[in-house]
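This briefing sets out, topic by topic, what can be read from the model shown below. It is intended for use alongside the sequence and the coordinates.

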Amino acid sequence: MTKKQRPVNLDLRTIRQPVAAISSILHRISGVITLFALAILLWLLSESLASEQGFNAVVDIMDGFFVGLILWGVLTALAYHIVGGIRHLIMDLGYCEEIESGAKSAKIAFGVTIVLSLLAGVLVW
Ligand code: HEM
């Protein structure tokens, strides 16, 4: 019996990922970002509703450029998670499951997210 000496490469950094795989990884990352961001945003909302001083403190926090940048990033992550989520649900219904259509829907999801991200930028600034 001959032992097969096939090359094995499990280093994800050196494997060229297909667009659908990148889309899937980004969907997971955007879900985790949304989860943490939601906790902070809910805390800010409750502070702003608690008292006038709390409201003014939150307005001061939100006025900062870097906070705006973070908020824009969070809105972009949320937009991607929703668009990617809808793509996942469409695939769960049995559509766009083939390699080519899956890659195409991943690219469409990226495109829609870029547009939503630009709109989020207009909203924040
Ligand atoms: C507060 C809002 C949300 C949070 C914090 C959140 C968070 C997450 C997280 C952490 C995951 C797990 C990702 C993984 O393990 O791959 C996930 C998966 C998922 N989310 Fe969300 N999500 C939110 C809203 C939404 C919305 C609005 C949609 C609808 C489009 C959606 C659709 C999905 C789908 C379909 C999956 C499963 C993806 C898969 O099968 O790999 N999510 N979400």
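**Nonpolar core**

Nine residues make up the largest nonpolar core: Ala20, Val74, Ala77, Ala79, Tyr80, Val83, Ala106, Ala109 and Ala120. Helix 3 and helix 4 are the elements that give two or more residues to this core, and helix 3 gives the most, with five. The model is a predicted one, with an ipTM of 0.87 and a pTM of 0.88.

**Contacts around the core**

- Tyr80, one of the core residues, is in contact with Leu26, Ser30 and Thr113, once its neighbours within four places in sequence are left aside.
- Ile114 is classed as partly exposed because 13 other C-beta atoms lie within 10 Å, whereas a buried residue needs 20 or more.

**Confidence**

- The chain has a mean pLDDT of 95, and 98% of its residues reach 70 or more.
- Within the chain, confidence is lowest in helix 2 (residues 52-63), where the mean is 96.
- Confidence is highest in helix 4 (residues 99-124), at 98.

**Ligand shell**

- The ligand is surrounded by 13 residues, of which the closest are Arg28, Gly31, Leu35, Gly85 and His88.
- Helix 1 (19-50) and helix 3 (65-92) each supply at least two residues of this shell.
- Helix 1 provides the largest share of the shell, namely seven residues.
- Sorted by class, the shell contains six nonpolar, six polar and one charged residues.

**Annotated transmembrane regions**

- An unreviewed UniProt entry carries the annotation "transmembrane region" for residues 21-45 and 65-86.
- Over residues 21-45 the model is 100% helix and 0% strand, with the end C-alpha atoms 35 Å apart.
- Over residues 65-86 the model is likewise 100% helix and 0% strand, and here the end C-alpha atoms are 31 Å apart.

- Cys96 is located in the loop between helix 3 and helix 4.
- The phi angle of Cys96 is near 55°, a positive value in a residue other than glycine. Most residues other than glycine have a negative phi.
- Met62 has its place in helix 2. With 13 other C-beta atoms within 10 Å, Met62 is therefore partly exposed, the limit for an exposed residue being 12 or fewer.
- Met62 and Glu47 are 15 residues apart along the chain, and their C-alpha atoms are separated by 13 Å.
- Arg6 is found in the segment before helix 1. Arg6 has 5 C-beta neighbours inside 10 Å and so counts as exposed.
- The C-alpha atoms of Arg6 and Ser48 are separated by 61 Å, and the two residues are 42 apart along the chain.

Conventions
Residues are numbered from 1 along each chain as its sequence is written. This is a predicted model: local features need pLDDT of at least 70, side-chain atom pairs count only at pLDDT 80 or more; totals for chains, interfaces and linings use all residues. pLDDT is the predictor's confidence in each residue, from 0 to 100. Helices (H or I, at least four residues) and strands (E, at least two) are DSSP runs, numbered from the N terminus. UniProt positions are given in the numbering used here, feature names are shortened, and annotations may be inferred rather than shown by experiment. A residue is near a molecule or strand if its C-beta atom, placed from the backbone, lies within 6 Å of it. Ala, Val, Leu, Ile, Met, Phe, Trp, Tyr, Cys and Pro count as nonpolar, Asp, Glu, Lys and Arg as charged, and the others, Gly among them, as polar. A nonpolar core is a set of buried Ala, Val, Leu, Ile, Met, Phe, Trp, Tyr and Cys residues joined through C-beta atoms within 7 Å. Two residues are in contact if their C-beta atoms, placed from the backbone, lie within 7 Å.
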